[in-house]
Amino acid sequence: MVSGPSDQGNGQGNDPHAPLDALGKRIDAMENRPSVVAPKVKARSAEDSSAFGRAFKLSTEFVAAVAIGGGMGYLGDRVFGSGPVLFLVFFVLGVGAGFLNVWRAAQLINARAAELAKEASADQGLDFTCDDDDGDDDGRPKGRAGRP
Amino acid sequence: MFQQIANDPLHQFQVNTILPLKLGSWDISFTNASLWMVIAVLGVSLFLTLGIQRRALVPRRWQLMVEMAYEFVANTVRSNAGEEGMRFFPLVFTLFMFVLFCNLFGMIPYSFTVTSHIIVTFAMAMFVFLTVILVGLMRHGLRFFKLFVPSGVPSWILPLIVPIELISFLSRPVSLSVRLFANMLAGHTMLKVFAGFVVSMMAAGGVFSVMSIGPMLGIVFVTGLEFLVAFLQAYVFAVLTCIYLNDAIHLHEDH
C-alpha cells in the first residue's frame with residue numbers, strides 16, 4: 001500500500017519515518033492542551049448504547065414473526081383446505097417466535113451496551129482519546145459478544 | 001414541486017418516472033428512485049476511490065474517513081462473524097455503504113430517500129437471507145437445517161421448538177427490511193409534518209407565529225436525530241447481516 005517513495009511530498013524520501021515523526025509531534029502538542037476529552041467520551045458511549053437499543057424496534061421483531069407465522073398457517077389452510085386449524089396453530093407458534101425474536105434482539109442490545117461500557121472504562125485510563133466510534137476494540141478477547 | 005412538498009408530508013416518497021422504459025410487458029422505467037440509487041453508488045465509489053488516491057502513511061481527513069469506514073465494517077464483521085466471515089466483507093461493506101449513502105443523501109432537502117421504500121430494503125434483506133441459506137447449504141449441506149434444532153433440548157419438545165425456530169428464521173428478512181424502511185419513513189414524515197406546522201402557524205399570524213418557534217426547534221432537533229438514525233440503521237443492517245452469516249458459517253459450534 002505504502003509503496004510510493006514520496007508519500008507526504010518529501011521528494012527525496014530519505015527518511016521513511018518523517019511523516020510519523022511529524023504526526024507524533026502534533027499528537028504531543030495536542031496532548032499538552034488543557035482540554036478534557038475523557039468524560040465526554042464516556043457520556044457519548046452511554047448515549048450510543050441507548051440509541052442502538054432504540055434502533056431496534058422490538059415491536060417490529062415481534063410483529064414480523066407473528067405475521068410470518070399467521071401467513072404460513074393461512075397458506076397451509078388454503079392448500080389443505082383445513083379450515084382455520086393451521087392458521088390458529090401457526091399464529092400461536094408465530095407469537096412464540098416473536099418472543100424469541102424479541103429476546104434475541106434484547107440480548108444483542110445488552111451485549112452491545114456492555115461492550116460500550118467496557119470501552120468507556122478502558123478509555124478513562126488514557127489521558128488522550130481518539131474518537132474511535134468504530135468500536136476499535138482490538139483488546140477484546142474473542143469478540144462475538146453480539147451473538148444471540 | 002416545492003408547493004406540493006410543503007402541503008403533503010408524504011409527497012416526498014412519490015416515485016416519478018424520469019425515462020419510461022419497457023422490457024416486454026415489464027415496466028423498467030428509470031425513476032427518481034433509480035436516479036438516487038445511481039447517485040448513491042457514484043457517491044460511494046467517488047468517496048472511496050478519490051479518498052485513497054494519495055495513499056499517505058499518515059492520512060489526511062478524507063483518507064482517514066475512508067479508512068475508518070473500512071476498519072469499522074471490518075471490525076464489525078470480525079467480531080460478529082469471526083475471521084472466516086471476512087470472506088463476506090465485500091458484501092457487508094457494499095450493503096453498509098449503500099444504505100449509509102442512501103440514508104445520508106436522503107437528508108438533503110428535496111432529494112429522495114431510497115431506503116424509505118420497503119421494496120428496496122426488502123430486496124436487500126432477501127438478498128442477505130438467500131445468501132445465508134446458500135452459504136449454509138454449501139458449507140454444511142443438509143446439516144444446515146440443524147440450525148432449527150437447538151442443542152440440548154429434550155426431544156419431546158422439539159415439535160414445538162422447530163416450527164418456532166423456523167418461523168423466527170423466516171421472519172428475519174421481514175424485520176430486517178421493515179426496521180430500516182420504517183425508521184426512514186417515520187423520521188422523514190415527522191420532519192415534514194413539523195415543517196408544515198411552522199408554515200401554517202406562521203400563516204395564522206398573531207400569537208401563533210411567535211409560537212411557531214416550537215416546531216422550528218423541533219425540526220432542528222429531529223434533523224440531528226435523523227443523521228444519527230441514518231448511521232445507526234446502516235450499522236444495524238450490517239451487524240445483523242454479519243450475525244446471520246455467522247449462523248450460516250458456524251452453525252451452533254460456538255455458543
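1. Basis. Residues are numbered from 1 along each chain as its sequence is written, and chains are lettered from A in the order in which they are written. Because the model is predicted, local features need pLDDT of at least 70 and side-chain atom pairs count only at pLDDT 80 or more, while totals for chains, interfaces and linings use all residues; side-chain values use heavy atoms, with hydrogens and water left out.

2. Chain A. This chain has four helices and zero strands, and its elements run α-α-α-α from the N terminus on. Helices (H or I, at least four residues) and strands (E, at least two) are DSSP runs, numbered from the N terminus. Of the 148 residues in chain A, 32% are buried. Buried means under 20% relative accessible area, exposed over 50%, and partly exposed in between, with a 1.4 Å probe and protein chains only.

3. Accessible areas come from the Shrake-Rupley method with a 1.4 Å probe; for residues, only the protein chains shown count as cover. Among contacts (heavy atoms within 4.5 Å) in chain A between residues at least 6 apart in sequence, 64% join residues at least 24 apart.

4. Chain B. Nine helices and four strands make up the secondary structure of chain B. Along the sequence they follow the pattern α-β-β-β-β-α-α-α-α-α-α-α-α. Chain B has 255 residues, and 48% of them are buried. Its accessible surface comes to about 13,100 Å², with 73% belonging to carbon and sulfur atoms. Of the contacts in chain B with a separation of 6 or more, 67% are between residues 24 or more positions apart.

5. A helix pair in chain B. Helix α7 (residues 172-204) and helix α9 (residues 213-250) of chain B have axes that come within 10 Å and cross at roughly 175 degrees. Axes are lines fitted to C-alpha atoms, for helices over the stretch in contact, and angles run from 0 to 180 degrees between N-to-C directions. α7(B) and α9(B) are therefore roughly antiparallel to each other; angles over 145 degrees count as such, while those under 35 count as roughly parallel, 65 to 115 as roughly perpendicular and the rest as oblique. The contact of α7(B) with α9(B) has 19 nonpolar, six polar and four charged residues. In this scheme Ala, Val, Leu, Ile, Met, Phe, Trp, Tyr, Cys and Pro count as nonpolar, Asp, Glu, Lys and Arg as charged, and the others, Gly among them, as polar.

6. Nonpolar cores. A nonpolar core is a set of buried Ala, Val, Leu, Ile, Met, Phe, Trp, Tyr and Cys residues joined through side-chain atoms within 4.5 Å. The largest has 66 residues, and those with the most contacts inside it include A:Phe56, B:Met97 and B:Leu240. Elements of both chains give two or more residues to this core, among them α2 (38-55) and α4 (85-124) of chain A and α2 (32-51) and α3 (61-81) of chain B. The largest share, 15 residues, comes from α9(B). A second, separate core of seven residues includes A:Ala65, A:Ile68, A:Leu100 and B:Ile167.

7. Residues in helix α4 of chain B. B:Leu100 is found in this helix and is buried, with a relative accessible area of 7%. Leaving aside neighbours within four places in sequence, B:Leu100 is in contact with B:Ala230, B:Phe231 and B:Ala234. B:Leu100 and B:Ala230 are 130 residues apart in sequence, yet their C-alpha atoms are 6.3 Å apart.

8. Residues in helix α7 of chain B. B:Met184 lies in this helix and counts as buried at 0% relative accessibility. Beyond four places in sequence, B:Met184 touches B:Asn103, B:Thr113, B:Thr115, B:Ser116 and B:Val229. B:Arg172 is also in helix α7 and, at 14% relative accessibility, counts as buried. Its contacts, neighbours within four places in sequence aside, are with B:Tyr244 and B:Asp247.

9. A backbone point to check. B:Tyr110 has a positive phi of about 70 degrees although it is not a glycine. B:Tyr110 lies in the loop between α4 (89-105) and α5 (118-140) of chain B, and is partly exposed, with a relative accessible area of 44%.
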